[in-house]
Amino acid sequence: MMRSPTCLSVFIARAKLASLGTLSLVLLASFTLGACERGASEAGSASAAVAEGAQATAGAESSVPDKLPTAPELFAAHVEAIGGAAALAKVKSLHIESEIEIPARGIGGTSDVWWQEGRFLLVEGLAQLGENQAGYDGERVWTRDAFNSLRDLRGKEAELYRRGSSPFLIAEWERHFESAETVGRREVEGHKLFDVRARSPLGQEMMLSFDVQNGLLFESAFDEVGPGIEASDAGARRVVTRAEDYRVVGGVLFAHSQTTRAAVGELVHRIKIVEINPPIDAARFDHPQAGERVPADPTKQRPPSLD
């Protein structure tokens with residue numbers, strides 16, 4: 001059974017926060033399975049691949065050496081590897097233009113992400129799927145697409161977006177995680193990795209895998225959250241993102257290529273332009289319906305205008 005356009009558009013919308021958070025490619029590529037049909041035929045091979053990767057990550061814990069670097073030590077090494085805390089502190093705003101593609105479907109498009117001191121706006125245009133948006137005005141996290149209209153997020157889903165929108169998640173990990181521990185080491189395609197399990201204040205767990213040689217974040221894995229997603233549906237919920245092609249822009253390393261694998265498919269993301277500290281009008285981050293609350297439950301939302 002073919003997955004719905006809604007599923008694909010939301011998958012890409014969340015994955016595209018990675019264009020903002022190339023320094024924090026953990027949590028940036030999730031999708032709302034609750035908006036999708038549960039078609040096992042098409043998603044089977046992707047689900048198996050994701051499950052295999054998840055098992056490999058979990059297996060790292062069974063071969064934990066006697067002495068491993070602590071999670072804070074690995075986080076500090078990553079910050080130094082991408083340019084250092086002083087360089088990151090100079091970044092007050094970002095604008096990133098990217099290309100995105102779902103190769104198996106021949107669907108491609110472009111995206112723009114603006115970020116300024118915690119607030120963000122993502123706008124993407126996709127062939128066959130129209131325009132999708134996501135944003136945070138400092139108070140409310142929201143999404144809007146051609147299929148679900150405008151929706152305010154809350155709870156774990158809002159936490160996921162706020163965390164995913166941080167361009168320096170590893171540098172400010174204590175703001176987003178209440179605990180983190182190194183759980184093992186493993187090797188993936190010639191890359192030796194240290195695995196760190198981090199837990200958010202609302203109980204979401206993420207696995208962050210750092211390259212032993214250069215300290216850079218290589219891979220991240222987490223379970224999707226959202227309306228209609230069952231906690232027991234672990235295989236379908238797993239999202240694994242790999243970061244590659246780190247390049248220096250303004251004294252900071254950004255991963256210019258990432259591949260996200262999930263049950264709904266594979267998404268390839270390539271950054272084309274990174275602007276550091278561009279002037280951004282504060283109004284760009286305003287909620288689309290300033291002063292009006294939009295229910296998180298799509299069934300309780302006002303239908304889109306046909307005018």
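Here is a walk through the structure, from the overall picture down to single residues.

What you're looking at is a predicted model, with residues numbered from 1 along each chain as its sequence is written. Local features need pLDDT of at least 70 and side-chain atom pairs count only at pLDDT 80 or more, while totals for chains, interfaces and linings use all residues; side-chain values use heavy atoms, with hydrogens and water left out.

Let's start with confidence. pLDDT is the predictor's confidence in each residue, on a scale from 0 to 100. The protein averages 77, and 69% of the residues score at least 70. Two stretches need some care. Over residues 1–5, pLDDT stays under 50, and the model has 20 contacts (heavy atoms within 4.5 Å) for them beyond four places in sequence. Residues 58–62 also stay under 50, with eight such contacts. Where pLDDT is low, the predicted coordinates should not be read in detail.

Now for the parts list. The protein has eight helices and 13 strands; helices (H or I, at least four residues) and strands (E, at least two) are DSSP runs, numbered from the N terminus. Of its 307 residues, 54% count as buried. Buried means under 20% relative accessible area, exposed means over 50%, and partly exposed is in between, using a 1.4 Å probe and protein chains only. As for how the chain folds back on itself, residues 24 or more positions apart account for 58% of the contacts with a separation of 6 or more.

Next, look inside. A nonpolar core is a set of buried Ala, Val, Leu, Ile, Met, Phe, Trp, Tyr and Cys residues joined through side-chain atoms within 4.5 Å. The largest one here has 48 residues, and those with the most contacts inside it include Phe75, Val196, Phe210 and Tyr246. Strand β12 (residues 252–262) gives this core its largest share, five residues. Apart from it lies another core, of seven residues, with Trp114, Leu121, Trp142 and Phe285 among them.

While you're at β12, find Ala262, which lies in that strand. Ala262 counts as buried because its relative accessibility is 1%.

Six of its seven residues are buried, so β10 is largely enclosed by the rest of the structure. Strands pair if DSSP finds at least two bridges between them. On one hand, five bridges join β10 to β9 (residues 205–211), and the two run antiparallel. Phe210, which we met in the core, stands opposite Leu217 of β10. The hairpin of β9 and β10 has five residues between the strands, and there Gly215 takes a positive phi near 80°. On the other hand, five bridges join β10 to β11 (residues 238–249), again antiparallel. Here Glu219 has Arg242 in β11 as its bridge partner.

Helix α6 is mostly covered too, with seven of its ten residues buried. Those buried residues include Leu160 and Tyr161, but also Glu157, Glu159 and Arg163.

On to the rings. A pair of aromatic rings is described by the distance of the centres and the angle of the planes. Rings of Phe, Tyr and Trp (its six-membered ring) pair if their centres lie within 6.5 Å; planes under 30 degrees apart count as stacked, over 60 as edge-to-face and the rest as tilted. By this rule there are three aromatic pairs. One of them, Trp115 with Phe168, is edge-to-face, at 6.2 Å centre to centre and 90° between the planes. This pair links distant parts of the chain: Trp115 sits in strand β2 (residues 107–116) and Phe168 in the loop between α6 (155–164) and α7 (173–176), 53 residues apart. Both Trp115 and Phe168 are buried. Elsewhere, Phe75, Trp173 and Phe210 form one aromatic cluster.

Finally, a word on backbone angles. Most residues other than glycine have a negative phi. Glu117, in the loop between β2 and β3 (119–126), has a positive phi near 50°. Glu117 counts as exposed because its relative accessibility is 61%. Glu189, in the loop between β7 (179–188) and β8 (191–199), also has a positive phi, of about 50°. Glu189 is exposed as well, with a relative accessible area of 65%.
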